[in-house]
Amino acid sequence: MANFPLALAPGACLSCRQQKQRCDRVIPSCSRCVARVVKCTYQARDQAALRQIASVSQFAADTLVILRGLCPLDVSPAGERALLWAACARQSTFVEDADAPQASLSCIINDIFDSAGVHVVGTVRSYFDIAHHWLPILDRDNVLASTENFVAQKAVSAVQDDAFALMIVCMYLFITPPCQHANHPVRHTLYRTVKSLFSILQASSDTATQVLLMQSGIILATHEIGHGMSKEAYETLIACRSLLQRINLHNHITNFAGQTGRHVSLHRLQLDLCLSAIILLDMTVVLSTIDHDLPQLVHPSQVPQDSLLHRASNDDIYGEDAVRNLFARAQHALHLGDMSRSIGSSTDLAQCEAIEKTIYGQIGSYISKTQGGRFPLCETVAMSLSTLMVLYRKTNYLTSAVGDAKSNMAATCAWKLGDVLLRQLGNGDGNGFEQRASLSGP
């Protein structure tokens, strides 16, 4: 690492020299030029020295990673700098020497995986084995074929390949269990670098790249939710929602300009699956942070009328079709979001009773239809129970019905259902539900 070149130019830029100002020589633009919003140019005689910085992957790849025994891989400060520099260099014409082209982001990620001994194709297959039935936002065959190409490529690639490489890193984060070492935080360097790359690559105007980034963001948000980073997951989902809006706007403009020969055909199913995943993950975050009043990102009125999401039915929740199952679960999440918003603005006891009755009817229906089976509806029932807890906490509903045996029994039932559900999930002993129920029930 001591021999790794610093990302500094050998001399001051032309602008700072003309102004007789001190230059910090940061590449590709010094801080003074950035502040003045002017083009930063370094002298031609400095290019030979700058070529050392351009091709990062020519250096020993083991300087880019940190390996700690059986712990998951992490990137070194040099690796973080190399990845960020490669992503930023896409937008720059600073290094133009064909003899020493800038190593692409996908090539550096390939080097990092090789150095760490990570089997890339195996990583992608593991992701599909774990996540695809629950979150079918990717085409398995196409992604595996693209992964084979990603592993085989050794030359400078397109920006779309960089977005695909980022998706593979997100898959690696998803399938990797949290490190049990006390000194290795969840927000490690690799995760922080992925977050930065996700933001940098969004500058691309290429629609295919934006779709890949949105899918990567959904996988990243799922990783963040699974590791207790609800705030970070919510921020990632906001970016995914923004990307979806940009894609739909681009599709609308290009379709409108079809008479000029410009036409982009986007797969409706692909976008609707991403929208459903955003809805589902959004409500997961909102219902798990009810004390923070996070606004719901997608409302039912914002779902396009021609969306395939509308074609799913409640029965699809119990079916084996992963796509229709995701659509049905997203519809369920939207319905719970409507009830949560009603709870927040309602003081009508009758309306609260109607919401309570609806939720208990849903839970009873889900459990009765899967009785004796493998109970695949933990997520759906948990979201319904969380909405019920929102009702009990935000409206003082049970307090207003003191002495009502039915309401007291409902609170006790909610607590016991939550306790059983948490035990089946293996995530605790039910104390969280007990504490919530104790706020307003026995």
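Guide: In this predicted model, Arg 268 and Asp 272 form a salt bridge, with 3.1 Å between the closest N and O atoms.

Visitor: Where do Arg 268 and Asp 272 lie?

Guide: Both belong to helix α12, which spans residues 268-288. They are 4 residues apart, about one turn of the helix.

Visitor: Are Arg 268 and Asp 272 buried or partly exposed?

Guide: Arg 268 is partly exposed, at 28% relative accessibility. Asp 272 is buried, with a relative accessible area of 0%.

Visitor: How many salt bridges does the structure hold?

Guide: The structure has 6 salt bridges. Among them is the pair of Glu 232 and Arg 187, whose side chains meet at 3.0 Å, N to O. This pair links distant parts of the chain, 45 residues apart. Glu 232 is in helix α11 (residues 230-256), and Arg 187 is in the loop between α8 (159-175) and α9 (189-200).

Visitor: How is the accessibility of Glu 232 and of Arg 187 to be read?

Guide: The cut-off for buried is under 20% relative accessible area. Glu 232 has 15% relative accessibility, so this residue counts as buried. Arg 187 is partly exposed, with a relative accessible area of 40%.

Visitor: Which residue does Arg 324 meet in a salt bridge?

Guide: The partner of Arg 324 is Asp 316, and their side chains are 3.2 Å apart, N to O. Arg 324 counts as partly exposed at 32% relative accessibility, and Asp 316 counts as buried at 15%.

Visitor: Back to helix α11. Which residues does Ser 230 touch, not counting those up to four places away in sequence?

Guide: Ser 230, which is placed in helix α11, touches Val 285, Ser 288 and Thr 289 under that condition. Ser 230 counts as buried, at 19% relative accessibility.

Visitor: Now the cysteines. How many disulfides are found in the whole structure?

Guide: A disulfide is a covalent bond between the sulfur atoms of two cysteines. A search of the whole structure finds 0 disulfides.

Visitor: Is Cys 170 buried or exposed?

Guide: Cys 170 counts as buried, at 2% relative accessibility. Another cysteine, Cys 88, is partly exposed, with a relative accessible area of 34%.

Definitions and conventions. Residues are numbered from 1 along each chain as its sequence is written. This is a predicted model: local features need pLDDT of at least 70, side-chain atom pairs count only at pLDDT 80 or more; totals for chains, interfaces and linings use all residues. Side-chain values use heavy atoms; hydrogens and water are left out. A salt bridge is a side-chain nitrogen of Lys or Arg within 4 Å of a carboxyl oxygen of Asp or Glu. Helices (H or I, at least four residues) and strands (E, at least two) are DSSP runs, numbered from the N terminus. Buried means under 20% relative accessible area, exposed over 50%, partly exposed in between (1.4 Å probe, protein chains only). Contact means heavy atoms within 4.5 Å. A disulfide is a pair of cysteine sulfur atoms within 2.5 Å.
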